[in-house]
Every structure is written in structure tokens, then in C-alpha cells.
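Let's take a friendly walk through this model together. Keep the sequence and the 3D view side by side as you read.

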Amino acid sequence: MRALTLALALVALATHLVGALTIRNPTEDYNPNHPNLRMFRRALTTNAADVAGKSYDFIIAGGGLAGLTLAGRLAEWSNVTVLVIEAGGDGSDVDLQETVPGFAYMKGLSSGPYGWGYKTTNLSSSLNLAKNYPLGKGLGGSGAINGMFWCRGSADDYDAWGALNPGAAETWNWAEMQKYINKAEHLQLPSKEQADQFHIVVDPKAHGSGGPLQIGFSKHIYPIVANWAPTWESLGFTNKDLAAGNVRGVTITPSTMDAAKGARSDSRRAYIDPKANFPNLTVLSRQQVTKIMFNDTLGGNLTASGVQFQADAASTQYSVFCNKEVIVSGGAINSPKLLQLSGIGPASVLQPLGLPVLADLPVGQNFHDHVSYGMYFNIQAGIETWYNLAMNVSGAQDAALAQWQASADGPLTYVNEAIGYINAADIGFATRPDPVATAAAVAAKYGFPASVQKGLVASYNIQNAQIATDAGQFEIIMHLWGKDASSIAIQVALQHPYSRGHVSIASASPFDQPIIDPDYFGVEEDVQMMADAVGWVRKLVTQPPLSGIITGEMLPGANVTGDDLVTAFKTTSGTEFHPLGTASMLPKDSGGVVDTTLTVYGTVNVRVVDASVMPLQVAAHLMASTYGVAEKAADIIKAKYAFKAAVPSSAASSSKATSTAASSAAPTNTAAGAAAGESSLSTGAKIGIGVGAGIGAVLLLGAILLFCINRNKKANHPNKNGWYTSQPAATGYGQDSYAMQNVPGGQGQPQHQQFDSPHRGFDRPLSAAGSIDTMATNDLPRGATQYRDSYDAPARRH
Ligand SMILES: Cc1cc2nc3c(=O)[nH]c(=O)nc-3n(C[C@H](O)[C@H](O)[C@H](O)COP(=O)(O)OP(=O)(O)OC[C@H]3O[C@@H](n4cnc5c(N)ncnc54)[C@H](O)[C@@H]3O)c2cc1C
């Protein structure tokens, strides 16, 4: 009887599972609130005990944009184990805020638990003011909470990385970066009607297709945006796709968005969620890596043995071990912090804090960022902006959310997409600061060593050359969220600053924020360029058709010029959220922290893979470049470990033996249960029925599981598994040198294959625990008071 009950229970469970699996295609019927949606994402864990004390081939510290991209790619090798440890949450409790594009601005997450809550130090060159410094803290990192602009820099920008690393092991230049950015990308074209209405120009050959990351255009674009490109054109600029290597011009740029679903795409959604069947990948969230452990030296180099981690200062500390590498992917502020806490950093920073100096490297130096200033303009009444939506005037946001939930469409699918780049000549700026004197002054201000100074001279020479080229000096962005319903903002962001600062730990506690000093406007030329760029925007708004809409300058005010203007922009400027350079990929004698394989100098097996390694700014928001860095890093790492030795076939046969043993145990258990039941049948008949029912149930369950697994396998094609839209890709791919087939492993994902290495990973224990319980969207306040990020200038929010 018990066996029969068990069998029935198993059948009921299996039926429930199959029932749940009927929402296989959210593309056709996307319901982000479906309570079972999470079942199809891969399991994650928050349980430290699942991984503590174990060993993994690769430990990635930081499950952000780069960390998860790298993890997803490395895990494609089924015989390699990958552990990601992320300090923040898995996003399940803020799913709606992350997913709905407009909420990136209107319910920004960077100031709550999904942000680090950092501030800069008082900035000596910006009126001694401290500025907020938002950074994402959670799976997907800043890419899960950001403004979703998808753009890459000019060819010049990436070729500069190569020029700064002459004769290096790995080539980093435009061709490489374009190839790897495109590997990540799957571009969805806008409709012809939309392209015509808003003057959207797309050059499909410049983009990727078949990558996991969905790139598209907002379904709902506000009418005012149609004026953007023509206004620039009236000043002689070309409306074009800026992804082809020259950013000077105007564009309506795509976003990291699955347009058909009206939903954000990020490294978790693209590279991790679909890998439900990858047991070699473990993702642990809500645990902060506090230190890299070194237990040995190899040929005089440091060898990492693993990392320590803990949830917070009051929680238990754990250790986990690596077989191959520790990869630091904490982002450009937290990666230098972790390296320094681990004894890799400037002796001048570590020694006063009583930390050992294992490698005296200029970690945290060469820090630079795009500094951004928001101007505001009054517009004619009645023109639709974001204001009413953002402030939920007359329930506008409630209605928009209902529309988004019903049809994945409407105003909440919009994120700012109207941008353009101008060069130095456009703003009439031709000054070239003396590279040697400027580097010396910057180095003296912060006590940078001679190696960093040498690297700065090389960088400044490149930047001076860019003064005469089309390398963008400023990004100009139109924002639809002004100070009131009849105003908009125009953001002016310096792309190639001369100013440099530093990120340095202030204490030996991993739970204290580091000193963040980008030294905005520290070099006088940056001040002059910003003033000139503000002048250029004043000219732009006098051009038609925008001139017919804009009625006046609200802030700083048309009469604010000279020193008053400098004070105005120093007061409210802040980060464009693009820190980099804090673990620069440069020759060691030029201030490098990592070499071109992204390995930290002086270590055997520690790499940095995130925005920190970029040695020089690019004229673009940083996401695309960071995806490119992570994709290239994955191939560098795979190449290193791709030994040719055959994988022993015993792996397969030993797992078969295990399953046989498991199934042979079933009759025994079933028989024991049946023997205890009551029936008029003979004992032999009872046992027979019990065994039969038990075996039947096990077989039925097995068949159902096989069916489910097969469905999942078939679903691995990007357009079949429901993770990606079935919207057609841009045509024309695969015909140029950046085609996907030229990229190793570039045909979408997931691909699960073994690499030919004697170092197999499956003999180690893996975490299989899941931690996701609810979709949590119901927990979100509907129509609640709007909350902005703690900083008050929406024009700086992108
Ligand atoms: C508010 C905001 C808006 C932005 N808007 C855009 C935009 O519109 N377009 C664009 O291209 N770029 C944008 N960016 C920049 C872009 O998001 C970043 O350049 C990019 O995410 C950098 O990737 P990363 O992997 O280096 O760092 P991140 O994506 O920040 O990832 C770092 C991860 O590591 C985790 N972490 C850090 N330290 C530890 C530790 N010790 N242990 C465990 N985990 C740790 C963090 O919590 C985080 O999840 C924006 C950034 C921000 C903050």
C-alpha cells in the first residue's frame, strides 16, 4: 500500500512539474509574474556551507557584469568547475525594478541594498565636495541596475590600449575588442516604422548576432526624440550607427534590452540563467570575498590557494580553495580594494594599515572616470516628457506598469537613447597639456611612483594626439526627466579626462568603503574643455527643430558664464559611472598591475577581469567594452588550459556504475516498505505488487525527468528556450572580419563541452542547493511613492 501511495505521490509530483513546464515560451506569452518562472533559471545559493572548504578550478570574486560573463563562458567546459561569489543579492527580490527598463531611472537600485552606497572623498579640485558614487551590488553587478546604454568607443580608443602595450603576449586593439563585444551581442533591429519616425540608423555589420546578450531599441520612444538627430544634422553632424569605429556624430543608440519582452538583458539573465543544466557552475550570492589567500610561491611568484569570504562583519568567515585560478571581478572600485586587502597594492597604502606587502604594485592608481554635468532646458508646455511618469502624476506610472505587465510595451520600456559625441575641434579646444609636466604634477599630488608617471606620459601623448581626431571628447545625452513637466536635461560628459586619482583602502576592514578620489577637474584642461562643451550645447539648442521646442535655459542659466559657470559645473557634476584604470593593463614599468593576459604581476594564478584593467578611457559608456574584456579573457584562459591530453573515458563509465547502484537499491527499499503494510494477499504477492509499483513509479519518474531534460537541451538554442526573444537578428552578419564564426565559441550559448585537459573537475563536490523561493514581484509596492537615488541630479543618472 505504501508503495502504491509513493507511486501516486511521485506521479502527482511529476504531473505538477510538467504542468509548470508548460510556460516554456515566455516570448509568445511573457508573464514576468508567473510564480514558476524562476524554476527555469539555474539554481543559485546563498548558503556558504555549500561551498566552504571545497575546491573549484576557478573562483571568481564578484558576480557582476564581467564576472558572470566569464563564469558563463568558462562553465561551457563541462569538466571545469567554476565558483562565483557575489557580495550582493541574486536579484529575485527586486526583479521588477531590474527588469523594467524605465525603472532603472525611476526606481533606481544603486542607493539601496543593491548598491554599495559609496561616496567620493572630498574632491580638492571640485570645491572640496564629496559626490555619490553609485555601483551595483548583486548578480549582474552594475549591469543589472544601470541605464542600459549600449555603445562602444572609437577604434582609436582601443588601438591606444595596444599601443600602450607594445610587443605584448595578447593583442588588445579595436579589431579584437570589436570581435569580442560582438561575440556577446545579439542585436534586434527596430521596425522600419520606428526607424523612420525616430531617425534610427543601424549598421548591422558593426554589430554581433547570436551572442547571449540581447540588444534592442525601446518599443515606446517619446515623440520629442524624433527631433534629436535632425538638430545635430543641422550643425553638420552625421546621423549614423556609432558602433563602427568612429563615434563623432549623432545616434539613437540601442540598449541592453530584449525589445520584444521590453525587458533588461544583463550578464545574469544572458549568461547564467539559461545554464540550468550546468552542475559545474556554482553561484553563491550575499557573501563578500574578503581576502585572496596565498600559500606558496612558484618561481618567486605568488600562488593563490583560494579566498576567504563572509556575509558581513558580524558573520562567520569561510574559506574556499582553487585548483587553477582566482579571478578578481569586483569592478573598478572594489577590485583594487580586494587586491589591497590581500597584500597586493602600494606599500605606501598597505604598510600604515599594518597589512603585509606581498606585491608592491600601483593598484588603485591611474583611476579615471567620465565626469558629467547636467544642464536643464525649459520646453513648450504639453510636450510629453518623463516627468509625469516618474512622479506618477494622475497614476501615470501605475497605468504604464499595468501596460508593461500586460503587453511588455508602453512608456516604461523607454530608456534614454538619444546621444551623440563631439570632438575637441567641435568645441574649439586645441590646447595640449605638456605630457611630462602634467604627469609629474599628478604623480606629485598623490605620490604615484615613477612607473605610474611613465605610463601617464604615454597616455597623455595619446590623448594629445586625439585632440586632433574624431575620438569623442564629450558625450551629449538628451534626458527626458527634467526638473518639472516642461523641462528636459542635456548631459555633457567628458570622455578623455587628463585628471587621474586613486582608490585606496582606508582601513584593514573589508567592510569599510575605500577612499575614492577621481580628482575631477584636477588638470586645468579638463575645466576648460567642460566650459567649452557647455558652450557647444548652448549652440545645439538654438538649432532647428529642437529650437522650436526649447524655450530657454533653466540651469545653470544662459547668463552663467566664466568663473560662475565653472563653479556651477563643479558643484553639480558627478560620475557618469565609468571608473576604470585601477588595475591597469600596462607594462609593469609603466604603472601596470596586470599584463595583457590580465594576470596580476608577481602572481602565478590571479587575474583581474573587469573594467579595472582598461588603461585608458574610451568614448562610450563602459558596458560593451567590459563585456568585450570578459569575453576575450575567457578565451585567453581557455587557451591556457586547453591541453591536448584525452579526457579519460572512465569518467563516463564510473557515473554509469553509480546510477546502476542507485537503481538496484530501489527494490530493496520498496520491499521493506511493502512488507510492513497490511493486506489479504500473500506476502509474496504483496512484495511482487510493491516491487512492481515501485519500479513502475521509478521508471515513470525517470521517463518524465528524461523528457524534461531533453526539452531543456533542445531549448538551449537562444530562440527556442524562451530566454531570448524570437525577434529576427539583424541581417548581414557573418560577412565581415568580426563575424561570429571567426570567434571561438561564438555561436550563441550555452555550449557545454569538455576541454581536453587532464585536470578534470567532476570528481569534486558541487553545490546543488537552490535558494530561489519566490518571484518577489508581488512584494513590490505598486504605485508607491517614487524614489530616486540619493543623488539629486537626474541628468547624471543614465
Ligand atoms: C548607476 C550606473 C549606471 C550605468 N549606466 C551605464 C549605461 O547605461 N551603459 C553602460 O554601458 N554602462 C553603464 N554603467 C557602467 C557599467 O555598468 C559598468 O562599467 C560595468 O558594469 C562594469 O562591469 P564590472 O564587471 O567591471 O563591474 P560590476 O558590473 O559593477 O560588477 C562588480 C560586481 O562585483 C561585486 N563585488 C565587488 N566586490 C566584491 C567582493 N569583495 N566579493 C564579492 N563580490 C564583490 C559587486 O557587488 C558587483 O556585483 C553604469 C554604471 C552605474 C553604476
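**A walk from the whole chain to its parts**

Of the 798 residues in the chain, 53% are buried. Bear in mind that this is a predicted model. The chain holds 20 helices and 24 strands. If you count contacts between residues at least 6 apart in sequence, 77% of them join residues at least 24 apart.

The largest nonpolar core has 183 residues, and Ile59 and Val82 have the most contacts inside it. Helix α18 gives this core its largest share, eight residues. Another core lies apart from it; this one has nine residues, including Ala443, Phe448, Leu456 and Val523.

Which residues is Val82 in contact with, once neighbours within four places in sequence are left aside? They are Tyr56, Asp57, Phe58, Ile60, Ala71, Leu74, Ala75, Asn280 and Leu281.

Next comes the ligand. Around the ligand there are 41 residues, of which Gly62, Gly64, Gly141, His621 and Met623 come nearest. Two or more residues of this shell come from each of α2 (65–74), β11 (288–298), α10 (331–341) and α18 (623–641). Which element gives the largest share of the shell? That is α10, with four residues. Sorted by class, the shell has 22 polar residues, 16 nonpolar ones and three charged ones.

Now find strand β17, which spans residues 418–422. Is β17 mostly covered or mostly open? It is mostly covered, with five of its five residues buried. Ala418, Gly420 and Ile422 point one way from the strand, while Ile419 and Tyr421 point the other way, and all are buried. Strand β17 has two pairings to trace. With β7 (residues 249–252), β17 pairs in the antiparallel sense over four bridges, and here Thr251 stands opposite Ile419. With β18 (residues 474–479), the pairing is again antiparallel and runs over four bridges; in this case Gly420 stands opposite Ile476.

We finish at helix α17, residues 562–572. Phe569, Lys570 and Thr572 are buried in this helix. What covers the buried residues of α17? The cover includes strand β16 (371–379) and helix α16 (524–540).

Methods: Residues numbered from 1 in each chain as written. Predicted model: local features only at pLDDT ≥ 70, side-chain atom pairs only at ≥ 80, totals over all residues. Buried ≥ 20, exposed ≤ 12 C-beta atoms within 10 Å, placed from the backbone. Contact = placed C-beta atoms within 7 Å. Pairing = 2+ DSSP bridges. Near = placed C-beta within 6 Å. Nonpolar A, V, L, I, M, F, W, Y, C, P; charged D, E, K, R; others polar. Core = buried A, V, L, I, M, F, W, Y, C linked by C-beta atoms within 7 Å.
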